[in-house]
Amino acid sequence: HWCLATRVLEEEPKTRSRSLRPTDFGRRLLNDEGWDPFLEDDATLWLIHWNLASIGTRAATWYWGFNRFHEYAFTRATMVELLIRDLQALGWSDVSHSTIKRDVDCFVHTYLSPRGDKEHIDATIECPLSNLGMLIQEPDSERLRFKTGPKTTLPAAVFAYALAQFWDKRNNKGKALELREIMRSEGSPGLIFKLDQESMLGYLDALKNVTSGYMIFEDTPLVRRVIRPTEVACNPISFLENYYGSR
């Protein structure tokens with residue numbers, strides 16, 4: 001399940017999940033001679049997080065948690081209640097509270113280190129994504145909080161890769177993306193990486209260099225947007241190749 005959810009494996013066509021194969025991303029990342037087969041680079045963890053929470057994911061709670069759940073400080077109970085409410089609004093009349101609670105607990109464990117999780121301190125396995133520091137336990141409280149703002153371990157190349165994927169899935173033929181879309185639209189890097197505007201602008205300013213001019217940020221008194229000045233196709237995987245190849 002997790003290999004499919006993080007998009008390192010995919011189903012063989014017409015096999016109904018009975019046969020799986022590595023994706024191109026999975027091969028490049030985890031092959032014996034791959035970019036980072038032992039997940040030693042935090043860039044890899046950000047990529048896995050992006051795959052879990054972005055458009056098209058199999059992990060519905062992860063997508064909802066980063067894109068449709070608009071509370072930045074909350075309890076598990078609040079998250080369960082709001083997720084059930086949203087599912088019921090979509091016509092899911094037989095939603096199981098216990099199932100949703102387990103899914104929310106799993107979501108929390110993905111990002112919250114057991115060292116700061118007093119309620120579940122006996123957890124024996126810590127998810128690697130807890131190293132990203134996306135979720136914080138408030139002291140002496142059941143409340144959790146998303147950590148917004150700068151992400152010091154998120155490379156510009158990973159941001160560019162995510163932005164290019166978001167662009168193609170959201171607006172394939174468009175020649176420009178407005179800053180507000182990149183910050184706040186469902187499935188955007190701004191929401192999934194929990195960036196504030198200042199840190200977002202830093203990544204946008206780096207786009208021209210990290211994408212070799214494929215994407216450029218225009219920041220003027222009239223417009224704040226990213227453009228693709230050339231019609232030449234570009235595979236965003238090349239941004240990652242350049243990043244891992246330069247280490």
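Colleague: In what sense do S6 and strand S8 pair, and over how many bridges?

Modeller: This is a predicted model, and everything I describe refers to that prediction. In it, S6 and strand S8, which covers residues 224-227, pair in the antiparallel sense over 3 bridges.

Colleague: Which residue is the bridge partner of Glu178 in S8?

Modeller: The bridge partner of Glu178 in S8 is Arg225.

Colleague: And which residue in S8 does Glu218 stand opposite?

Modeller: Glu218 also stands opposite Arg225 in S8.

Modeller: The open sheet is formed by 3 strands, and the pairing is antiparallel. Strand S6 (176-178) and strand S7 (216-219) each have a single partner strand, so one side of each is left without a neighbour in the sheet. From one strand to the next, the twist averages 25°.

Colleague: How many bridges join S7 to S8?

Modeller: There are 4 bridges between S7 and S8, and the two strands run antiparallel.

Colleague: Which helix lies across S6 and S8?

Modeller: Helix H7 lies across S6 and S8, and it runs at about 105° to S6.

Colleague: Staying with H7, at what angle does it cross helix H12?

Modeller: The axes of helix H7 (residues 156-170) and helix H12 (residues 237-245) cross at roughly 170° and come within 8 Å. An angle over 145 degrees counts as roughly antiparallel, which means that H7 is roughly antiparallel to H12.

Colleague: Which residues make the contact?

Modeller: From H7, the contact is made by Ala157, Val158, Ala160, Tyr161 and Ala164. From H12, Ile237, Phe239, Leu240 and Tyr243 take part. By class, the residues of this contact of H7 with H12 are 9 nonpolar, no polar and no charged.

Colleague: Let us change topic to the other sheet. What is the order of the strands around S5?

Modeller: That open sheet has 3 strands in the order S3-S5-S4, with antiparallel pairing. Strand S3 (73-74) and strand S4 (135-137) are the edge strands, and each pairs on one side only. S3 and strand S5 (residues 144-146) pair over 2 bridges in the antiparallel sense. In this region, Ala73 stands opposite Arg145 in S5.

Colleague: What is the phi of Asp140, and where is that residue found?

Modeller: Asp140 has a positive phi of about 50° although it is not a glycine. Asp140 is found in the loop between S4 and S5. As background, most residues other than glycine have a negative phi.

Colleague: What about the phi of Arg7?

Modeller: The phi of Arg7 is near 65°, which is a positive value in a residue other than glycine. Arg7 has its place in the loop between H1 and strand S1 (9-11).

Colleague: How much space lies in the second largest pocket?

Modeller: The second largest pocket holds about 320 Å³ of space. Of the 15 residues that line the second largest pocket, the closest to its centre are Trp2, Thr6, Ile48, Cys127 and Pro128. Two or more residues of that lining come from each of helix H1 (2-5), helix H2 (24-30), helix H3 (42-53) and H6.

Colleague: Which element gives the most there, and how does the lining divide by class?

Modeller: H3 gives the most to the lining of the second largest pocket, with 3 residues. That lining has 13 nonpolar, 2 polar and no charged residues.

Definitions and conventions: Residues numbered from 1 in each chain as written. Predicted model: local features only at pLDDT ≥ 70, side-chain atom pairs only at ≥ 80, totals over all residues. Heavy atoms only, no water. Axes fitted to C-alpha atoms, helices over the stretch in contact; angles between N-to-C directions. Parallel < 35°, antiparallel > 145°, perpendicular 65-115°, else oblique. Contact = heavy atoms within 4.5 Å. Nonpolar A, V, L, I, M, F, W, Y, C, P; charged D, E, K, R; others polar. Pairing = 2+ DSSP bridges. 1 Å grid on protein atoms, 1.4 Å probe; cavity = no way out; pocket = protein on both sides within 12 Å on 5 of 7 lines; lining within 4 Å. Points joined across faces, edges and corners; volume = space filled by probe spheres on them.
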